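Please read them alongside the sequence and the model.

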There are 2 protein chains.
Amino acid sequence: MSQTQNPDNQDPGPTGITAPRGFAAAGVPAGLKSTGANDVVVVRNLGPSRAAAAVFTSNRVAAAPVLYSRQVIGDGRADAVVLNSGGANACTGAEGFANTHRTAEYAAGLLGISAADVLVASTGLIGMQLPMDKLLPGVQRAVDALDTTAEAGLAAATGIMTTDTVPKQAVRRGAGYTIGGIAKGAGMLAPGLATMLVVLTTDAQLPAAQLDAALRAATAASFDRADSDGCMSTNDTVALLASGASGETPDTGEFTALLTELCQELARALIDDAEGAEHTIEVRTVNAASEADALEVSRAVSRSNLVKTAIFGRDPNWGRVLSEVGTTAAAFEPDQLNVSINGVMVCRAGSVGEDRDLVDLEQRQVLIEIDLNAGTEQAAILTNDLTHAYVHENSAYSS
Amino acid sequence: MSQTQNPDNQDPGPTGITAPRGFAAAGVPAGLKSTGANDVVVVRNLGPSRAAAAVFTSNRVAAAPVLYSRQVIGDGRADAVVLNSGGANACTGAEGFANTHRTAEYAAGLLGISAADVLVASTGLIGMQLPMDKLLPGVQRAVDALDTTAEAGLAAATGIMTTDTVPKQAVRRGAGYTIGGIAKGAGMLAPGLATMLVVLTTDAQLPAAQLDAALRAATAASFDRADSDGCMSTNDTVALLASGASGETPDTGEFTALLTELCQELARALIDDAEGAEHTIEVRTVNAASEADALEVSRAVSRSNLVKTAIFGRDPNWGRVLSEVGTTAAAFEPDQLNVSINGVMVCRAGSVGEDRDLVDLEQRQVLIEIDLNAGTEQAAILTNDLTHAYVHENSAYSS
């Protein structure tokens, strides 16, 4: 993909959701967060197209904005997204749903569009009503502040943060078109999807059905493979809006590949900034009989508190890895399993391998590679270590 | 069950594996543990019957002693059990299996029995060979020390401890017969079974097939419902030996009920002493459409790091409970879920209920009750909170 600009090169140009043409954004403080930080965000698709797609949490206890937005996206069109941090509006009953509806109608009135074309997303504490007397004035100020600048995009990226320590933005450039994105994550991160709000924008000209297919493929290979703490949220939302402002209609395969790359960058950024984590751990399973086997093994290992505390303690404890592999239904023989940690094969043929003292676990990035010796397929899950800071953040504060 | 003696009453008499007639036990220090504590245990069935049953980890990466003992128990007979702490003999390849075999043969030679009737169980660090030059002399000393006293039973209970802080023993008395038991647990506790070694003895006269049925029923309702950290071990073994020394052949249903009660007491003792835990949490799901639904919901909630850290932080965070319920396939409607924590219904009809400040989480025992409003079945899982001490124990030390 020669047209793909690698973000590691110098100056990738503007990033985030206002990098593609045809989008305005804003993030403002409305007092939902006690800190006075940005907490209400509006993203507007300026067109000419309003095609859109979205994927949501598969949690059956879904927040009011998820229930509402599922209806909105039904016709493949979204003109705007209203997001707030400082309150999840989950487990809030009929009043919570009415508040989401009211938020969409209020924003629609200000923007001169239909409430049926306004996606709503919320994040924060479950089980409390949103303070509408603060939220609606915030929506008003955000609509007034809508702008197509990089600064406006960054304000939106900061406005959806909860326990995130840095805003997450990304961009990918195709042949004549651009895809941008913002994301928030930090805690309650587990697939199907991780606890996240993500807004993706593109100026490519694509119909809703193709956007939907591309988005599902991209999230399956990115956010669905990020698993911070095994806990699935009630609010996960990933929305993709296409303005068509570039006039370009890219090849679907190329667009999907580029979108996947961007989503993978954002997914890694979420795990790199997960609550209290000191290590980002890639659990890669190779030589599996099927990709499903590889995923099952990687997911089991990535959810082991004993593996995660061992990595926190800089202990290449491969026995804890093997004991998790043994809980799966994947095809393998116990005496043919190899495990490498950061390139050192500490377990060979299901037993003691290289000296574990050779493993360096001081750097942030850790690779645990499990060789099932049962086929040719592979897959990876991104997770992080389990630390004192995680326990502290999640016991000392409600979230 | 009027013949059942409640252990909460005063003076239940002798406890542990030497309480039933026909059993001798010993626990001695052999230097496998650097602390000098007891680490080699022998339990001998003196007969006249040698009927036995055992259940093992369902982990496909099973330790050498598990692989060996599965063969031993095949004929429903066991004359003795040799156990060691200070090394799991798991992921140790052909050498590890040979060491287990050698241990059984050595003990059998000393006892004048067949190695095919000696169960072996190990616990400790995975992935290192046992120091046979210490283990075998330990077996010799343990055989020399075999005795039918309560003190000998206690020495056996201490000899299987790893990070346990107290020895676990229990007893139940039926009509003319007794059942006793010892257990170790502490970390890597999850069902199917929890990481545990358990030896149960009885002087009832029952054939192996009935012992097997009773043991499977009892463990399914006790150890299989204890889940400390969601991690399944490679070494779990629960063995039941019957000496027939009482001459009593109890009703199978009565025996199973008594055995279940004893296993539940030991399972609770394991969770009460789980690594670093400050709270024992019973997650009970009621009014479920099926017992399987109730178990699935209780298990999902009991494995949530966010629920477990919240309880550690004395935070009755019912939103985290509901978000886990939503990940299950159990029959329920989100707007008909109730959640009570220590008797306070903090979530009613899927939304805000009683004031969460009414919940007292200072005491050790916590009850989270989830009402699915979908039927009449119920089930509970015992778990514990996720604390700084858990992270410390499992990151600072290999295990």
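1. Leaving aside residues up to four places away in sequence, Ser298(B) touches Val283(B), Arg284(B), Thr285(B), Ala379(B), Ala380(B) and Ile381(B), where contact means heavy atoms within 4.5 Å. Ser298(B) is part of helix α7 (residues 291-302) of chain B; helices (H or I, at least four residues) and strands (E, at least two) are DSSP runs, numbered from the N terminus. The residue is buried, at a relative accessible area of 0%; buried means under 20% and exposed over 50%, with partly exposed in between (1.4 Å probe, protein chains only). The side chain of Ser298(B) also reaches the backbone oxygen of Val283(B) at 2.9 Å.

2. On conventions: this is a predicted model, in which local features need pLDDT of at least 70 and side-chain atom pairs count only at pLDDT 80 or more, while totals for chains, interfaces and linings use all residues. Residues are numbered from 1 along each chain as its sequence is written, chains are lettered from A and ligands numbered from 1 in the order in which they are written, and side-chain values use heavy atoms, with hydrogens and water left out.

3. How are the two chains related? Chain A can be laid on chain B with an RMSD of 0.0 Å by a turn of 180 degrees and a shift of 0.0 Å along the axis, the superposition being by least squares on the C-alpha atoms of residues with pLDDT of at least 70 in both. This is the relation of a two-fold axis. In chain A, the C-alpha nearest the axis belongs to His388(A), at 2.8 Å from it. Both copies use the same surface, as 100% of the contact residues of chain A recur in chain B.

4. In helix α10 (residues 388-396) of chain B, the buried residues are Tyr390(B), Val391(B), Asn394(B) and Ser395(B). They cover an arc of only 110 degrees around the axis, and so lie on the same side of α10(B); the arc is that of the directions from the helix axis to the C-beta atoms. These buried residues pack against α8 (305-312), α9 (318-325) and α10 of chain A. At the start of α10(B), a side-chain oxygen of Thr387(B) comes to within 3.2 Å of the backbone nitrogen of Ala389(B).

5. For "binding site", an unreviewed UniProt entry lists Thr162(A), Lys184(A), Thr195(A), Glu275(A), Asn394(A) and Ser399(A); such annotations may be inferred rather than shown by experiment. One of these, Asn394(A), is found in helix α10 (residues 388-396) of chain A. Asn394(A) is buried, with a relative accessible area of 1%.

6. Helix α2 (residues 93-111) of chain A has 19 residues and reaches 28 Å from its first C-alpha to its last, close to the 27 Å expected at 1.5 Å a residue; the expected span is 1.5 Å times one less than the number of residues. Its buried residues are Gly96(A), Asn99(A), Thr100(A), Thr103(A), Ala104(A), Ala107(A), Ala108(A) and Leu111(A). Seen down the axis of α2(A), they fall within an arc of 165 degrees and therefore line one face of the helix. The face turned away from the buried side carries the exposed residues Ala94(A) and Gly109(A). Packing partners of the buried residues of α2(A) are β2 (40-45), α1 (64-72), β4 (80-84), β5 (118-122) and α3 (132-145) of chain A. Just after α2(A), Gly112(A) takes a positive phi of about 70 degrees.

7. Asp315(B) lies in the loop between α8 (305-312) and α9 (318-325) of chain B. Is Asp315(B) buried or exposed? Asp315(B) is buried, with a relative accessible area of 8%.

Terms used:
Polar contact = N/O pair within 3.5 Å; in protein donor to acceptor, adjacent residues only side chain to side chain.
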